[in-house]
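Let's take a friendly walk through chain B. Have the sequence and the 3D view ready, and follow along.

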Amino acid sequence: MSGSRDAEYTEYVAARLTSLRRLAAVLCDDWQRADDLVQAALVKLYVHWGRVRAASHTDAYARAVLVREFIHERRSTWVKRVSLSGGVADAPAAAVDHDAVLDLRAAVAALPARQRATLVLRFYCDLNVDQSAEILGCSPGTVKSQTARALDAVRRALGPAIAGEPGGQPATRVVHHTGEGAPGHD
Amino acid sequence: MIESQVRALFTAIASSEPGTSHVNTQLAHRRGRARLRWRRAGVAGAPIAAAVAVAAVVLAVGAAAPHRPAGPVSTGPSAPRQFNVLAPYLSFGWLPPGISMMQGGTGRQLVWVTAAHRLAPGLDWSPATEWSVNVDAAGKCHLTTAPSGTRTSTAPRPGPSIPPGTKGLNCSTPAQKGYPIPITGRAPAVSGHRAFWGGYHTFAGEPNQYLIWQYARNGWAEMALPFILHNPAKQAAAQRDAVKMASQIRYGVATPLLFPVQLTNLPSRWQVASVTYWPHGKVLRARSYSLGAGPPDLGFDGGLQYETGLPYFTIDPATRRTNNCYADPHHSTREVINGYRVVLTDNRIPNRHDLCAGDADGLSLDISQFGAHPAISVAEIFGHHMRLLGRNPANWTSKPIG
């Protein structure tokens with residue numbers, strides 16, 4: 001039993017590590033933190049492998065573990081750290097400085113974890129509202145509202161000039177992440 | 001559209017993958033096994049350099065640990081032939097500063113307890129500070145010499161051979177069978193009983209070290225030490241702490257575990273087979289447990305042994321973080337049972353049935369069951385065989401089956 005379990009787990013992780021890392025990177029916007037997140041998620045994946053392999057969609061389960069670990073980690077350690085210096089979690093749009101407001105990446109990075117995770121599931125994983133709701137453990141209505149709030153926050157962070165200009169150039173200025181400047185990234 | 005910009009951003013991030021991954025899948029695997037508690041010295045795809053590393057550990061430990069011979073326990077009380085799964089049996093008498101008891105578990109043949117540095121209330125603990133003790137029932141473990149061809153692990157790929165003649169602690173419990181701990185050196189006696197260091201180096205180069213001692217006649221115990229890298233002074237300190245902790249462990253602890261639910265009207269042969277428990281204020285709360293009707297069989301999930309056709313449970317006080325149930329879009333249905341919203345999930349391959357209640361009288365619970373034809377379905381168990389006792393420990397019970 002144990003051997004079978006280990007073999008299945010190892011095979012799965014080897015096959016899916018790249019995609020899990022990419023998803024984690026999109027969630028964290030930081031490859032080093034993404035690897036930490038994947039590391040933690042893989043431990044949980046192993047612990048619950050009996051349940052994971054019983055699920056018909058192993059990838060969906062693994063994705064859920066990763067996303068929930070991301071939200072949990074942000075809610076616990078990261079939020080505590082950041083709230084000491086800025087309290088941006090409650091007011092993401094107002095927490096970024098003027099330069100960062102022009103930066104789509106900074107605006108998205110300033111979102112609360114659950115809102116960012118919602119955007120990632122909807123616009124990176126291309127999940128529909130119901131599928132996103134299953135992973136986030138909330139209602140489809142909450143996914144819709146979280147998506148709307150997140151996009152609205154990003155629009156506001158980008159400023160009125162961009163908000164009225166779909167596809168405006170400043171918003172697509174994807175800069176190389178330095179790990180600084182964007183709240184929530186060490 | 002802002003959506004398209006966000007999509008482009010995410011795609012750009014995902015495609016900017018650096019060449020080197022820092023994810024250590026071996027380490028994740030090993031820590032997962034450690035969390036399951038039912039692990040021994042083997043790690044899947046076991047360390048390629050293990051055979052060499054074992055020898056290295058022998059040398060290192062031999063230099064660090066003073067040789068204090070102690071004989072086998074030939075007199076005194078014998079180890080229990082079987083443990084009472086409703087009581088912890090062992091507890092720590094001393095822990096290093098900053099370390100506290102995190103969780104424990106009971107089975108008929110094996111009991112265990114873990115201590116670590118708590119990160120924050122309600123959060124997980126740091127694996128780097130984790131101490132874990134297994135105590136085996138009488139006759140379940142023996143010191144043996146590895147014959148030629150013995151390996152540290154059997155799955156998924158056979159690990160490297162343990163050098164012939166290496167002594168190891170071999171245990172026959174279902175959870176431990178096949179994962180011997182190579183003995184690497186003599187340890188200071190634990191309460192006058194003979195003791196050894198054991199372990200190996202993982203693929204990642206971490207020393208996976210154990211203190212092994214005979215806690216009673218015909219009974220062995222093993223303590224997994226925290227993972228300490230490249231710091232001989234800390235490793236030596238950890239070894240001293242391990243011996244002190246082991247020497248002050250209390251055996252025969254009969255403090256009853258408390259269960260937040262009580263099962264009723266079940267077949268008389270159904271009994272609690274294994275439990276994991278957590279400290280909850282001043283009591284020990286049974287967090288997950290399985291039922292059994294005969295010899296333990298099958299496998300493990302989240303640290304529990306489970307048996308075909310019988311349920312196992314995970315129960316926590318409901319919080320905003322735990323009151324969500326995962327629902328498989330293709331195999332789950334949402335129902336209301338006794339006024340509580342639940343998610344029922346049925347998977348055909350393998351035959352597995354789950355019930356999740358996010359908040360039932362202040363409790364978040366999962367009931368799981370394998371088998372094509374369970375005698376009582378998870379929905380029936382929840383609906384007709386379960387008394388919810390709420391969040392207040394004063395109302396919990398030490399008799400999980402009424």
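In chain B, 60% of the contacts between residues at least 6 apart in sequence join residues at least 24 apart; a contact here means heavy atoms within 4.5 Å. This is a predicted model, in which local features need pLDDT of at least 70 and side-chain atom pairs count only at pLDDT 80 or more, while totals for chains, interfaces and linings use all residues. Residues are numbered from 1 along each chain as its sequence is written, chains are lettered from A and ligands numbered from 1 in the order in which they are written, and side-chain values use heavy atoms, leaving out hydrogens and water.

**The chain as a whole**

Chain B has five helices and 22 strands. Helices (H or I, at least four residues) and strands (E, at least two) are DSSP runs, numbered from the N terminus. Of its 402 residues, 56% count as buried, that is, under 20% relative accessible area with a 1.4 Å probe and protein chains only as cover (exposed is over 50%, partly exposed in between). Chain B exposes about 16500 Å², and carbon and sulfur atoms supply 54% of that area, computed by the Shrake-Rupley method with a 1.4 Å probe.

**Strands side by side**

Now look at strand β13 of chain B. Two strands pair if DSSP finds at least two bridges between them, and the table shows two such pairs.

| Pair in chain B | Direction | Bridges | One bridge |
|---|---|---|---|
| β2 (residues 100-107) and β13 (residues 271-280) | antiparallel | four | B:T106 with B:V275 |
| β13 (residues 271-280) and β14 (residues 283-292) | antiparallel | nine | B:Q271 with B:G292 |

β13(B) and β14(B) form a hairpin with two residues between them, and B:G281 in the turn has a positive phi of about 60 degrees.

Is B:S290 buried or exposed? This residue of strand β14 of chain B is buried, with a relative accessible area of 1%. The side chain of B:S290 makes a polar contact with that of B:S274 at 2.8 Å. A polar contact is a pair of N or O atoms within 3.5 Å; within protein, one must be able to donate a hydrogen and the other to accept it, and residues adjacent in sequence count only if both atoms are side-chain atoms.

**The nonpolar core**

A nonpolar core is a set of buried Ala, Val, Leu, Ile, Met, Phe, Trp, Tyr and Cys residues joined through side-chain atoms within 4.5 Å. The largest one has 66 residues, and those touching the most other members include B:W213 and B:Y289. Helix α4 (residues 232-247) of chain B gives the most to this core, with five residues. Domain 1 (34-251) and domain 2 (261-395) of chain B both contribute residues, so this core lies between them; the domain bounds come from an automatic or database domain assignment.
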